[in-house]
Amino acid sequence: MKDVRLNNGVRMPAIGFGVFQIPENETERVVTGAIETGYRLIDTAAAYFNEEQVGDAIRRSGVKREEFFITTKLWVQDYEYDDALRAFDLSMKKLGLDYLDLYLMHKPYGNYYAAWRAMERLYMEGRIRAIGVTSFSNERLQDLFLHNEIKPAVNQLETHPFFQQQAANTFLQQEGIQHEAWAPFAEGQNDIFNHPVLKEIAARHGKGVGAVILRWLNQRNIVVIPKTVRRERMAENFHILDFTLSDAEMAAIATLETGRSPIYDDMDLPTVKGIGLHKIHE
Ligand SMILES: NC(=O)c1ccc[n+]([C@@H]2O[C@H](COP(=O)([O-])OP(=O)(O)OC[C@H]3O[C@@H](n4cnc5c(N)ncnc54)[C@H](OP(=O)(O)O)[C@@H]3O)[C@@H](O)[C@H]2O)c1
């Protein structure tokens with residue numbers, strides 16, 4: 001699967017590049033490498049503090065704007081209606097773009113109904129090609145689109161071999177909402193790159209463990225946005241369509257499910273409080 005068609009007809013690349021935790025002073029170089037490798041979907045956020053450097057890399061690449069698919073995210077602090085409109089303008093200014101491909105609500109906390117209505121307005125004004133959410137449970141997502149006009153096009157969820165999100169995947173497919181995986185490598189937790197099951201499959205295909213994980217997600221129709229600062233890994237993570245995992249290999253990876261996140265639980269009370277109150281500006 002090279003790209004996907006969202007529920008409003010917009011096409012989105014199936015293999016993208018994430019820039020969370022890439023320091024500001026490295027982002028332009030790293031994103032330039034990613035663009036040269038062939039990535040056109042870049043996933044950033046106001047809360048990553050590197051939108052400006054992502055914008056610099058895009059502009060200096062010489063690649064046409066319409067070839068890119070740029071995602072950024074609205075932070076919880078700016079979920080009130082007018083704040084959301086202002087935050088969008090600031091992100092666009094930092095990115096140096098006059099339209100955005102995908103705008104996501106970064107977390108399922110706070111006044112996300114107001115934020116969604118602001119995003120709907122920006123979408124209807126043609127300033128954004130698609131709008132969506134991240135880390136929304138099925139229940140919150142169902143409620144959100146039941147009481148608003150526009151159905152989210154994407155739900156970006158933590159998804160990897162240890163936390164496979166099968167129930168979410170089933171619901172999203174049923175509702176025509178695209179599943180996108182954040183932390184496809186579980187941010188390296190549980191020594192994922194040395195897992196014996198993954199290593200064996202990788203050796204059989206002459207690929208790295210990273211490529212196997214991304215191909216497994218791709219064969220589940222999930223969009224991926226792996227992050228790396230290393231050039232050789234950018235290539236490994238991008239070239240995943242030249243081999244296919246068998247049904248038996250897909251089933252072997254399915255057994256790695258642990259039923260919980262090794263990173264954090266979005267609905268854990270300290271997380272709701274800590275992330276919910278986190279401020280990215282005055
Ligand atoms: N919506 C949300 O709340 C949310 C939350 C988290 C992440 N995200 C998005 O999802 C993207 C990806 O998630 P993530 O950055 O948290 O983690 P990730 O992609 O699961 O893992 C990144 C880690 O894997 C290493 N790595 C990458 N490719 C590798 C390979 N082929 N072989 C071995 N190691 C490899 C990287 O190291 P090196 O860099 O040293 O190569 C880094 O330590 C983010 O960048 C962000 O855009 C969204």
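The model is predicted: local features need pLDDT of at least 70, side-chain atom pairs count only at pLDDT 80 or more, and totals for chains, interfaces and linings use all residues. Residues are numbered from 1 along each chain as its sequence is written, and side-chain values use heavy atoms, with hydrogens and water left out.

**Ligand shell**

- The ligand is surrounded by 26 residues (a heavy atom within 4 Å of the ligand), and the closest are Asp43, Glu187, Lys227, Thr228 and Arg233.
- By class, this shell holds 12 nonpolar, 6 polar and 8 charged residues (Ala, Val, Leu, Ile, Met, Phe, Trp, Tyr, Cys and Pro count as nonpolar, Asp, Glu, Lys and Arg as charged, and the others, Gly among them, as polar).
- Helix H9 (residues 231–238) supplies the largest share of the shell, 3 residues (helices are DSSP runs of H or I with at least four residues, numbered from the N terminus).

**Atom pairs with the ligand**

- A polar side-chain atom of Arg233 is 2.7 Å from an oxygen atom of the ligand.
- Gln156 places a polar side-chain atom 2.9 Å from a ligand nitrogen atom.
- At Pro184, a backbone N or O atom lies 3.4 Å from an oxygen atom of the ligand.
- Of the 900 Å² of accessible area that the ligand has on its own, the protein covers 89% (Shrake-Rupley method, 1.4 Å probe).

**The largest pocket**

- The largest pocket contains about 840 Å³ of space (on a 1 Å grid over the protein atoms alone, a pocket is an open set of points where a 1.4 Å probe fits, with protein on both sides within 12 Å along at least five of seven lines).
- It is lined by 37 residues (an atom within 4 Å of a point), and Phe20, Gln21, Ala183, Glu187 and Lys227 are the closest to its centre.
- Helices H8 (209–219) and H9 are the elements that give two or more residues to this lining, and H9 provides the largest share, 3 residues.
- The lining comprises 17 nonpolar, 12 polar and 8 charged residues.

Conventions. A polar contact is a pair of N or O atoms within 3.5 Å; within protein, one must be able to donate a hydrogen and the other to accept it, and residues adjacent in sequence count only if both atoms are side-chain atoms. Grid points are joined across faces, edges and corners, and a volume is the space filled by probe spheres set on the points.
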